[in-house]
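I opened the model and kept notes on what I looked up, entry by entry. The sequence and structure come first.

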Amino acid sequence: MTKETKHNPSILENNGLPEFERDYFCDARPEQSRPLAKYIEKFLNWARANSLWLLGFGTGCGAVELRPLMTARYDMYRYGIAPRPTPRQSSVFIIGGYASVKTTKRIIRSYEQMQQPKFVIALGSCPINGGMYWDSYNTINRIDHYIPVDVYIAGCMPRPESIIAGFDLLKKLIKEGQAEGANKYIENLDWYKANQKKIIKDWNMPDYNW
Amino acid sequence: MKEIIQRLKQQFTISNVNQQRVDLTFLSVKKEQAVSLISYLRDFEKFSHLVFLTAVDRVEDIQFQLTYMLHNYNTHQDLGIRVLIDREKAEMASIHHLWKQAGTYQRELKEMFGIDFPGSPRVDESFILEGWDNIPPMRRDFDTKKYSEETYFPRPGRESHDPESYMKSKLYPEGDA
Amino acid sequence: MADILRTALYLFISVFVILNYGLLLNGLVRKIVARAHGRVGPPIWQPWLDILKTYAKRSAISHGVMFFLGPIFRLAGGLGTYLFIPAIYGSVMFANLSFSGDLLLVMYFIFFGQLGMALGAGEGGHPNSAIAVGRGLSQMTSFELPFALSVIALAIQYHSLSITEIVAAQQGGILNWTIFTNPLATFAGLFALLGMNMHSPFDIVLAPQEVPIGPPTEMQSSFLGILQTNRAIFLSAKLVLFMNLYLGGATNIFAMMLKTFMLYMLSVVVGVSFPRFRTEQSIRFFLGVPTLLGLAAVIIFML
Amino acid sequence: MVNPLSIFIIALGTGFLMSLIDRLHRSVTMLVFYAALTGMVVITGQWLVAIMQGSEAAVIYTAGFQVPFSINLRLGFEEAIFTFLANLVGLLSAMYLFSRFKESNAGAMVLFLMMVMGINGMIMTRDMFNLFVFMEITSIATYALIGIDRNTKSLSAGFKYIIAGGLASSLFLIGTIYLYRLTGTLNIDTMIATKEMIAGNAGYIALFLVLAAIVIELKPFPANGWALDVYQAVNSGVVAVVATASSAAMFFVIYKLLPLLNISMLDLLAGIGIVTFVFSNLLGLKQQNAKRLLGYSSIAQMGLVLTALTILYKGTCGILPINLLIIIVGGLFLNHFLAKAGLFWLTGLFKDQETGKWSAIRQNPLLMFVFGSFIFALIGLPPFPGFWAKWELVLFLAKSGQHIWIWAILLGSFLEAIYLLRWLLTVVKCDIEQVAEVNFQKILPPVLFIIGLFNAGFLMMIHYYSFNPILFAPILMPALFFAVDWLPAKLKGIATILVIGAFSYHVIPQLEGIYPIFAILFLGGGLIQLIATLQAGGKRTGFYPFVVMMFLALGILLKSETTIQFFYAWELMTVSSFLLILRGRQAERHSLLYILFSLAGAYFILVGFAYTFAATGSLTILSLNGITAYVSVIYISLLIGFLIKTGALGMHIWLPGSYAESEDDVSPMISSILSKAGIFGIMLVSGLLGKTLIGKVEVSSLLGWLGAATALIGTLMAIFQEDIKKLLAYSSMGQVGYMVLSVAMLSHLGWVSAIYLSFNHLFFKALLFIAIAGVVSRTGTRTMYEMGGLIKKMPFSFISVLIAIIALSGVPPLSGFGSKWLLYTAGIERGWYLQTAVAFFASTIVFLYCYRLIHAIFLGQPKPKFKNIKEASLWYLVPEYLLIMAIMAISMFPNLILKPLIAAVSVYFPTTVDWNGYTVVSSLGYWNGNAVMYVTMGVFALPLIILILTQRKPQAVKQFNIVFAAERPDRPETTHVAYNFFAPYQKALGFMARPLATRFWTAVSEWTQSLAALFRQIYTGNGQTYALHIILYVVVLYFISGGH
């Protein structure tokens, strides 16, 4: 079985799983999604940009800065941004600050479970270069080695105003059709996976979490 | 407090009694007597609360120092019991039968220091270091910076400074004032 | 043939109108709630954007045939429910297919979509889906009782279960509306409406923070789009039904919009005012005062 | 013609000779012994035949003189029967004891001969003193024979016997002396002729003493402890004679003396009989020893026969109608005689008489058959004589207005049924612990007697039915199937389908009104479901005979024109379904509950029919129409009888277990077909007796509420079940509740909806049960939460269940909605608003268990345990898809079923619905099933097409590819949500599903048992106490009888 799959490029090996668990997970390799014809895609991108559903997953201390966004003072809803409790339905993933190895594993899983097109905003210095945890034995330094990032918002922590600015930038990127992180991820899946597996020692999940 | 120490001395070999505050005392006890001492304190001296259990890596002495901090709600006394154990063969009797929550501390110590507590529930499961395959990270001979640089793709261009001299140079760029 | 084509055209227009009306209602209410919070709120066309975006997702996953068909069942249920209700009294275009059956048919067709969706969600295999379906069904049984009692009271009052005849009997002045001629039945029915609309305190199915977000947890892309479409249609269908039963129906589209908007605001106002029930509390609630109201409405006619 | 006197000559002669002959060789002695017994049988048999052909009764005057100078004997019809039977039992018992006689000394044989002769004498003599002599001969011989086993127990039993016998004899002798003093004669006939001389206190005491003596010999409760010890301790061969022939002789003595008695004494006798009957049976409940149990039963049966005789005698003022006498007394007696002797013989096969250790009997199919038949005969099921006797007896009692007697007799019979059936069940179900000592001479007697029993039953049947082949079919067909039970199961299954098909083809065209509709329901539904039984391999012994019996009985139930036919079919249906349920692996307790409730129900039906007869004097069912007397009793009894079969609330506790524990392909028949027999019955009676009132309340409105409550509670119970078949069972209960509700409406639409509901229920419940049977056959478990995600492994079964639950829950466009529409419209139209609301509430709860059922089994997470599971067998799928086609057909074209229904029911009620093309128009609303179907298809197809066209191909993912709060699921078992699925509902409304009825019936059962235990304490086992009992009994009896 394993020998055959080696020759089949559209099947992932799922080596991390014990034999009996491989039946439980889908082992297909994801494919890049192609945009539609130009103007249709432009129109759809406009819709996507104005309906950004956040994944409600506060991965780090930066998650506290997201709460004020929902309040009357900052009111993210007026920009078409709304939280969503399941990755299946979300389109924006906000990495809320430092990511320990354990959290990174969950981030990867959730990211892969989101449907394309999907966008990532990394919040604060930690996901950029490790921030104050730059020499920690358990905190990653660069999130973009594990998942593709569309927008970085620097700061420790960035205030809600900067986050809104970050969303604005993301909207602009989407409208310009440049927010193709998902396709980039799939294109370089092997590189990302190698980086991920380097730090996640107990890889008890499939190679791609559908 | 003194009476308690007196009573303890009759039964156990305790040393280094050090009253740091009116309500905070430390003492050391041999590894073999530690658990019975703690049981005695809990059952007869009303130290009913385990405040924490922690470890210090005394790498120079090839020893770990465990500190059991107990609290007496009646007299509001804290009592720290220090136990030295061998670093090479880091193992200590578990006290999860006295306090259920001690199991959690012991799990953490196992994960971070590699101190084993045989019999403690789920002591081999990790809290955060899923699948850790290096020496336990809280041991002082573990070089966390080196590990981080080797593992986590440090972003090039990052500088690091000695905070004291760096702040000095920032605040007083013209030199000493 | 021309007849069929004309009917098809009418149906298309009717569905199109009600879909957009449902979305509009949704956007309007979001705006109103935002204003009540002191926020600006999303633009009124946000629902259209959301729906468009969901349909425009580039990838999708499916857990199996039933999962695939679940949303379709749901939308079919919503569409069917709407199509069996005469939306506007006296209008040929908006009479829909109400000749197929009476009020009982509509009441049961509501279950069609729910059952199908529950099956689809079940095949998704997510525990939250199953838990939420269980909650939803449990609550559904309890609010159907006051509703049934209310409908029985109406059937006694108007000697008919035909929605058209019930509306016809309420024509000729505001005082002929059921809400004034039979307030007990109306209030029992309106309580049931609160449960059906599943706004707080009866939002135990979607229940954010508990079983986020219940049955559609695994639904995404076009599946979710279909569910959103259905939500607009089904919501309006329910409101139109209740308007027909209790508020004298509507003779033109604006009256319909006004009345259904008022009905929906009832859910919204109650929703923003009360925190969520637990499942068993909700069940007990519906079997309490609303059921007693319904019983009273029926017993008055039996005396 | 041989002189009857030669019986005595043979017996005495050989008796004397035997001790001489024995010196030659034992075999010679035995030859003579058996020859003598055979001779006695032949002589009496010859006389019996002769008298039946019309010759005169023989009257023998000894020594050639006329009465009073001689002792005279009489051998008439009654005597001939009794002596023939007694001698037959004697002969067969002697054969049974063959090996025993071979070893013991010749004295035993002489004693045996004397005992039989004494019995003959007691029956034939017409002289009081001579009677005494024969009684003594019998007693002494019996006493000596009791000791044949030579153990302490039998010796002590013999001693107690002699004490009791002595007491009785002395009483008898004193009484006889008084009588002689008063009448100057010892001849019974002369005494009867000069009856007026037995007057005053002296006369009364004289008669009383004689009577008391005989009654004591008949072992009345409670002065019968000694007899039970005898039954328990004595050798089976001997006890067979003692319990049957000796008792028969004693009974005959009473029969002889009847003309001497006055009314109050007859009452006393009847009372003694009934008390003995009821209490012996009550005490039998606690009995574990087979022989003692049979002892209780024997005593009870003799009590019943005594009661029947005296009541009959009293009721007809001494002029006994010979027909009734033969059927009632003869039937009861023969039933008891043959069955009890047979059962006592069977006890001899086992060392350990513990009832639970009899299971070895089932290793021998013949013996099992014999044993079962005896039990059923004793309970009084058709075709055995007891059935007909009980029927006539209850009819007679109802006719003569003796109400309490009916209930007492039925109560006693019911108690007896309990312990007999419990015995049967332990035999069928317990592990085999000991070996039966089977040899030819021990088996032949019971086998002969079972043949006799069947023949007697058939004779009675012919008397009633004059051999109508259709009515005989439910007995003869199964017999035929039994004969070929060695064939493979598939072959028999096909044969069954053919037989029932042919039967339906024959029967259905003969029916009118709603009858053919029910016939299609029963037989057509049965035919489809029988396909599923073809999945079984092997031989499946003892399955198809009962299936055939059940369906044929259902068929003739519809065809029956008289109440007796109906009752006969009803009982056959009950017993065959019981035997089918019994086959289930864990069905022991549940099948017992089923048969007991069914029997109780049958007794209620019997009472209802009896009062119908009393009110109208007619046996036709239609005579129920327009009766005036006893209306509410008849209506309520019949209703209770039928409601028990439907499992209405309060009488439902047998239902879940029986439906769930019977074999997987039997459950659909029981649930979807058999319960409709109850609905049919309710329709029948409520159609005829409709608007009966109790006080100011209409019975039908009570019935309606009961139906609604059953629907609600049944449904509520269903949602809390973890066992899939239990869930379906409770669901059936709820569904039947709707039917009861709609039947009770007594309106056109109500009945239409009842039958529509029945059909719909037949389709979807059979579909569900068969589909579940398929699933269970693959998974090997019935617990729902152990399954999960089977949709991918068993897609066809999934579709079946899906269609079934849509039809069940009433969601349009499938046929279920039609039933709901009809039900609610009918309810509102009838003015039953609250009942309709309850039904509506129940029908929303239906969604809960529907979803639970399909989700827990087919959706959710598949378990690794069932990784390699396959789709259910084709034999299950074929009937499933036939049923799906049926559902689809009536969903698409409701006219197919509605039009005939409306036409059929409009015979009974004026119609209130109208047709407009495909639209049904009621007075309230309208429904066009056809259009709804098309609209549903349209609104379903449109989004589907749009989705398929617009969506990019979705990736098919596997079970663990779910968003699990950023974690991954641990195991499928812990991820599948199925256990205790409606926990919040349990919290909110669980109090309504508390097992109140079960608790009630458990309490009844426990109290009965405690009562039995309490009474049983009088049997101390001490001879002196027993003697005291007898004396006290006589004294009390004297005072009760208003002694002067």
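I started with D:Pro894. Leaving out residues up to four places away in sequence, I found that D:Pro894 touches D:Gly818 and D:Gly929; contact here requires C-beta atoms, placed from the backbone, to lie within 7 Å. I looked up its position: D:Pro894 sits in the loop between α34 (874-892) and α35 (895-905) of chain D. D:Pro894 counts as buried because it has 26 C-beta neighbours inside 10 Å; the cut-offs are 20 or more other C-beta atoms within 10 Å for buried, 12 or fewer for exposed, and partly exposed in between.

I note that this is a predicted model, in which local features need pLDDT of at least 70 and side-chain atom pairs count only at pLDDT 80 or more, while totals for chains, interfaces and linings use all residues. Residues are numbered from 1 along each chain as its sequence is written, and chains are lettered from A and ligands numbered from 1 in the order in which they are written.

Next I checked a helix pair in chain D. Helices α5 (residues 106-124) and α6 (residues 128-146) of chain D pack at about 150 degrees, their axes 8 Å apart; helices are DSSP runs of H or I with at least four residues, strands runs of E with at least two, numbered from the N terminus. Axes are lines fitted to C-alpha atoms, for helices over the stretch in contact, and angles run from 0 to 180 degrees between N-to-C directions. The angle makes α5(D) roughly antiparallel to α6(D), a label for angles over 145 degrees, against under 35 for roughly parallel, 65 to 115 for roughly perpendicular and oblique for the rest. The residues of this contact divide into 14 nonpolar, 4 polar and no charged. Nonpolar covers Ala, Val, Leu, Ile, Met, Phe, Trp, Tyr, Cys and Pro, charged covers Asp, Glu, Lys and Arg, and the others, Gly among them, are polar.

Then I looked at chain B. An open sheet of 5 strands runs in the order β1-β2-β5-β4-β3, with mixed pairing; strands pair if DSSP finds at least two bridges between them. β1 (14-21) and β3 (49-58) of chain B are at the edges with a single partner strand each, so one side of each lacks a neighbour in the sheet. β3(B) is joined to the antiparallel β4 (residues 63-72) of chain B by 9 bridges, and B:Leu50 has B:Leu70 as its bridge partner.

Last, I turned to chains C and D. Their contact takes 64 residues from chain C and 62 residues from chain D. On the chain C side, α5(C) gives the largest share, 17 residues.

Conventions: Two residues are in contact if their C-beta atoms, placed from the backbone, lie within 7 Å.
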